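Let's take a walk through this one together, starting with the overall picture and then zooming in on a few residues. Have a look at the sequence and the coordinates before reading on.

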Amino acid sequence: MSITGEGTEANPWVVHTVAELREKAVVAGTFIKLANNLDCDTQYQEWETLSGNSSNPATIDFEGYKLDKPYIKPNNGLMQHLILKNGKVLNIHENNFEVTQNSCSFIMDDIYMYTMAVSADIDNFHEGAQVGRTDFAMIGFRTIDNCSIKINFENNNEFNIPRIFDSGTDLNTNLVDSQIIVSTPSALDFLLYCTYPDRMTITGNSFTAKTNHFAKTWGSDSGGYLINNTFNLTGGTGNLITASNGGTFYSREHNIYNTNISSFNTLSGLDGASYGQCVNPDYLLSIGFPGIKEV
């Protein structure tokens, strides 16, 4: 079948193959629906980064269907600059998933996700010419809402990744009502990174990972609020928040299990920071912090 529709919100493109999806997803502001499951093993084995328009991303409604077994090539990410809704991207795998000095692989970057399930098995990740690179994250997001994300590195022999999630360059980045499970052979430095000028909403999530710290915030206007999350974190002895050059996370009402991160019980503490804080104020909703909503 050929593509039908007009690419509008009222009459989106309806696509039936991976090639059709890739053709339409690059169009600024377009709306797309899947008509069926897309199997990359049979339809698109050599995946190039699917990049939408950075200022006006396409919206892809999976309609409950899945994009299955996308295979990431060296120095290629899966997708970026897109809005994903109501479906699954499963069994992401790779061939020599590498970070080099002039290029950076990622699973997703500059992504909005609503009611999505994502799973990835990364066995051959290595850092190439840029060993110890600290500005690398597997998922750079604007919004993750009501999603399930599972990333497995357990069979990776060269594992050395500082973080998994990075807030997008956006004043109101949201990570809400989602389940995050990251399996690694050794501890991450931190699971999540937030830098100036980002303000993050992190509420109602469940996090399972092996990490030294939960999050790092950098810059005087960075931070956000951290409310009503469930933490099951092992492998680290650091702080809830590592703050440097300022930055504040307002935090309260968490469930904490099997966790040996030292400051989780007090929800405070800094790691080598000249200033910055993780606080637990009763007036959280009254201070007008960007992105705050009732919980």
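Predicted model: local features only at pLDDT ≥ 70, side-chain atom pairs only at ≥ 80, totals over all residues.

The secondary structure comes to two helices and 23 strands. Of the 295 residues in the protein, 50% are buried. If you take the contacts with a separation of 6 or more, 75% of them link residues 24 or more positions apart.

Now for the inside. The largest nonpolar core has 59 residues, and the ones with the most contacts inside it are Leu 84, Met 108, Met 113, Ile 139, Phe 165 and Phe 214. Strand 9, which covers residues 108–121, gives this core its largest share, namely six residues. Leaving aside residues up to four places away in sequence, Met 113 touches Leu 84, Met 108, Val 118, Thr 143, Ile 144, Asp 145, Cys 147 and Ile 149.

Strand 10 runs over residues 139–145, and Arg 142 lies in it. Is Arg 142 buried or exposed? With a relative accessibility of 17%, Arg 142 counts as buried, because the cut-off is under 20%. What does the side chain of Arg 142 make a polar contact with? Its partner is the side chain of Asp 110, at 2.7 Å.

Helix 1 is worth a stop too. It spans residues 18–25, and six of its eight residues are buried, so the rest of the structure largely encloses it. The buried set is made up of Val 18, Glu 20, Leu 21, Arg 22, Lys 24 and Ala 25.

Last, the backbone. Most residues other than glycine have a negative phi. You'll find Glu 63 in the loop between strand 5 (58–61) and strand 6 (66–68), and its relative accessible area of 42% makes it partly exposed. Lys 69 also has a positive phi, near 60°, and is likewise a residue other than glycine. This lysine sits in the loop between strand 6 and strand 7 (71–72). Lys 69 counts as partly exposed because its relative accessibility is 22%, and the buried class stops under 20%.

Conventions. Residues numbered from 1 in each chain as written. Heavy atoms only, no water. Helix = DSSP H or I, 4+ residues; strand = E, 2+ residues; numbered from the N terminus. Buried < 20%, exposed > 50% of the residue type's maximum accessible area, 1.4 Å probe, protein only. Core = buried A, V, L, I, M, F, W, Y, C linked by side-chain atoms within 4.5 Å. Contact = heavy atoms within 4.5 Å. Polar contact = N/O pair within 3.5 Å; in protein donor to acceptor, adjacent residues only side chain to side chain.
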